[in-house]
2 protein chains.
Amino acid sequence: MKTDALATLLGLDDLAGHLVDVEVALGQALRSDNAYLSDPGLRVVEGGGKRLRPVLTIASAAAVAPDDFWDHRVRSGAVSVELVHVGSLVHDDIIDAADERRGVPTVNHIEGPSHAILVGDYLLARAGVEAARVSKEVAEVLAQTIADLCDGQSRETVDLFNVDREVDSMLRSVRGKTAALMRASCCIGALCTGRTGEPVDALTRFGEAFGMAFQIVDDVLDIVSTTRAMGKPVGHDMKEGVYTLPVLYALRSKGGDRLRSRLGGLIDDPASIAELLELVKANGAVEQALEMARAFNRTAADALDTLDDSPVVAGLSKLPAAYLEWALSEKTAGTYTLVG
Amino acid sequence: MKTDALATLLGLDDLAGHLVDVEVALGQALRSDNAYLSDPGLRVVEGGGKRLRPVLTIASAAAVAPDDFWDHRVRSGAVSVELVHVGSLVHDDIIDAADERRGVPTVNHIEGPSHAILVGDYLLARAGVEAARVSKEVAEVLAQTIADLCDGQSRETVDLFNVDREVDSMLRSVRGKTAALMRASCCIGALCTGRTGEPVDALTRFGEAFGMAFQIVDDVLDIVSTTRAMGKPVGHDMKEGVYTLPVLYALRSKGGDRLRSRLGGLIDDPASIAELLELVKANGAVEQALEMARAFNRTAADALDTLDDSPVVAGLSKLPAAYLEWALSEKTAGTYTLVG
């Protein structure tokens with residue numbers, strides 16, 4: 001979703017302005033006289049990304065302190081979660097031996113893996129500095145979130161090529177690798193306003209559920225979208241041995257045995273991948289996965305029930321469904337939907 | 001130095017007991033139901049190391065709060081600096097493609113580089129959690145220190161095989177890669193007692209100067225010690241293109257041209273390394289480097305002048321010289337000394 005659509009949905013007139021402030025602060029956080037670290041660091045941070053996590057931080061702050069939420073603390077919180085996002089991607093790209101991300105060459109590819117280790121560490125460290133400037137609570141949530149990302153990523157690694165991967169185990173991995181940082185983005189937004197207790201907990205639950213739905217839709221898109229719409233080859237996860245929710249459901253469906261006999265190892269030719277994607281799509285597994293995404297979206301919306309009504313709370317409660325419907329529609333030319 | 005010698009020098013009767021508490025807390029910080037992260041994490045943490053950084057944290061706390069310094073905050077501070085030490089070594093071992101450290105196989109060697117990236121990230125993240133539990137100040141110092149480690153490490157990388165490496169540039173690298181964490185260990189010890197201002201600053205200056213001397217002596221040992229005494233091949237830095245202080249002084253000495261013509265690329269045969277080590281030792285470069293270590297030791301001792309007199313302050317002021325004299329004597333069979 002574009003920033004103006006998000007601003008309208010969330011009732012945040014100044015969202016674009018706040019995001020510009022975040023952008024400036026991101027640059028300041030990384031600028032140094034050490035070009036070896038700050039040049040690639042700035043390149044990956046400025047290389048785009050939708051800034052969804054800073055939006056969540058800003059909107060969460062506004063949800064608990066509608067009248068006067070925007071200050072340097074919320075900005076630091078937003079900067080810290082985005083730096084964790086980017087820093088962890090730099091390390092993920094080494095682990096995945098990825099040459100490109102969103103069409104842009106990775107640090108791993110341009111500068112090499114050793115260099116990328118230090119750049120990732122630097123981004124994560126600068127995130128910690130930003131968080132610590134707000135409060136010990138924010139610093140602890142941020143550091144624990146980095147540990148959670150490691151947990152989720154490692155659970156995925158352990159289950160690579162495992163056709164018997166359990167759905168619960170897969171969901172636990174998603175909770176760490178994706179939901180933890182979206183949970184932290186919301187939690188930190190609320191904490192940055194000085195709130196404690198239930199309002200913070202409500203936004204924390206919201207962010208986690210949104211994160212779960214977000215990853216499931218992302219996993220569905222890797223099955224049902226096209227290379228052209230995604231800007232990268234589809235079926236990539238399956239090829240690399242990451243069996244996501246639709247694949248696990250397909251393996252358990254009526255036609256699952258045929259799929260099972262083909263998975264379990266690296267698949268290199270595009271024709272095989274195309275064929276396997278059709279197998280996954282054949283028996284309702286995609287719809288089953290989308291149903292779980294819908295359930296997480298409902299959990300997210302329900303989590304906000306304890307907050308005082310306001311336009312931003314109302315907007316946030318609609319955000320997961322609206323955001324993911326937009327992504328699904330955009331990347332599948334309207335073939336798939338979350339509505340209904 | 002053994003713990004009982006350190007306890008006597010520092011006038012800290014319970015040092016061994018405090019270190020046992022730290023050891024238990026290190027284990028608790030890493031234990032989890034994710035064996036992929038915690039097994040190698042615990043292995044490297046329990047794999048030894050002298051726990052010098054926790055000793056500095058404990059002694060620094062005692063220096064500013066002699067009567068009642070030992071509590072969970074100081075323990076968390078000590079745990080956090082040790083976890084940063086170990087976590088950064090796990091990443092360094094990937095960058096250096098090191099199979100062993102202190103005779104123990106590295107995570108990079110046993111579990112492989114991708115796994116080691118996550119283990120290092122996990123150790124650094126857990127360090128951040130421990131620090132944040134104390135205070136935002138401690139969390140910020142710790143996070144900034146991780147950024148400083150990246151800075152120092154990257155400056156070393158940039159100058160690999162550079163025979164024209166400037167002494168100032170080399171010292172700046174040492175300030176980041178070694179002195180920053182020893183500085184933080186002392187600073188955090190003082191901060192954990194709730195002190196602010198000059199007592200904290202004094203211990204910060206002390207830790208940094210000790211760290212500089214510490215690295216210089218370590219660099220000298222790589223030139224003048226023996227494989228047998230070190231438990232690893234000497235001349236390793238030179239072989240790998242890291243030209244440390246004694247090498248830079250030797251390059252600038254009368255016989256420096258001969259050395260210069262031989263350096264600048266990887267050196268693979270042990271006979272050449274032995275010959276080059278003799279060249280470095282020939283013209284007073286080692287003594288010149290040791291003179292700089294002595295100067296940093298004096299700076300460290302002087303830094304504590306503003307603190308109230310106490311046995312622990314007196315002991316700390318003697319620690320850098322005593323500790324490094326012990327290391328030098330032990331590893332060169334008394335051939336080299338800092339005294340005089």
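This is a predicted model: local features need pLDDT of at least 70, side-chain atom pairs count only at pLDDT 80 or more; totals for chains, interfaces and linings use all residues.
**Notebook: a helix pair and a two-chain contact**

Entry 1. The axes of helix α9 (residues 167–192) of chain A and helix α10 (residues 198–224) of chain A come within 7 Å of each other, and they cross at roughly 145°. I then looked up the hand of the crossing and found that α9(A) passes α10(A) in a right-handed one.

Entry 2. Which residues meet where α9(A) and α10(A) are in contact? From α9(A) I noted several, among them A:Val174, A:Ala179, A:Met182, A:Cys186 and A:Leu191. From α10(A) I noted others, including A:Val200, A:Leu203, A:Phe206, A:Phe210 and A:Phe214. Sorted by class, this contact holds 14 nonpolar, seven polar and three charged residues. A:Arg175 and A:Arg183 in α9(A) and A:Glu208 in α10(A) also take part in the contact.

Entry 3. I turned to chain A as a whole. I recorded 17 helices and two strands in chain A. The radius of gyration of chain A is 20 Å, close to the 20 Å that the globule rule gives for 340 residues, so chain A is as compact as a globular protein of that length. Its C-alpha trace spans about 55 × 45 × 30 Å along the principal axes. Of the 340 residues of chain A, 54% count as buried. I also looked up how far apart in sequence the contacting residues lie: among contacts in chain A between residues at least 6 apart in sequence, 71% join residues at least 24 apart.

Entry 4. Next I examined where chain A touches chain B. How many residues does each chain bring to the contact? Chain A gives 30 residues and chain B gives 30 residues. On the side of chain A, α3 (35–46), α5 (72–95), α7 (113–134) and α8 (136–158) each supply at least two residues. The largest share, 12 residues, comes from α8(A). By class, the residues on this side of chain A are 16 nonpolar, eight polar and six charged.

Entry 5. Finally, I asked how the two chains are related. Chain A can be laid on chain B with an RMSD of 0.0 Å by a turn of 180°, with a shift of 0.0 Å along the axis. The two copies are thus related as by a two-fold rotation axis. In chain A, the C-alpha nearest this axis belongs to A:Lys136, at 2.1 Å from it. I also noted that 100% of the interface residues of chain A are interface residues in chain B too, so the copies meet through the same surface.

Technical notes
Residues are numbered from 1 along each chain as its sequence is written. Chains are lettered from A and ligands numbered from 1 in the order in which they are written. Two residues are in contact if their C-beta atoms, placed from the backbone, lie within 7 Å. Helices (H or I, at least four residues) and strands (E, at least two) are DSSP runs, numbered from the N terminus. Ala, Val, Leu, Ile, Met, Phe, Trp, Tyr, Cys and Pro count as nonpolar, Asp, Glu, Lys and Arg as charged, and the others, Gly among them, as polar. Axes are lines fitted to C-alpha atoms, for helices over the stretch in contact, and angles run from 0 to 180 degrees between N-to-C directions. A crossing is left-handed if the near helix is turned anticlockwise from the far one by less than a right angle, and right-handed if clockwise. Copies are superposed by least squares on the C-alpha atoms of residues with pLDDT of at least 70 in both. The radius of gyration is taken over C-alpha atoms; the globule rule is 2.2 Å times the number of residues to the power 0.38. A residue is buried if 20 or more other C-beta atoms lie within 10 Å of its own, exposed if 12 or fewer, and partly exposed in between; C-beta atoms are placed from the backbone.
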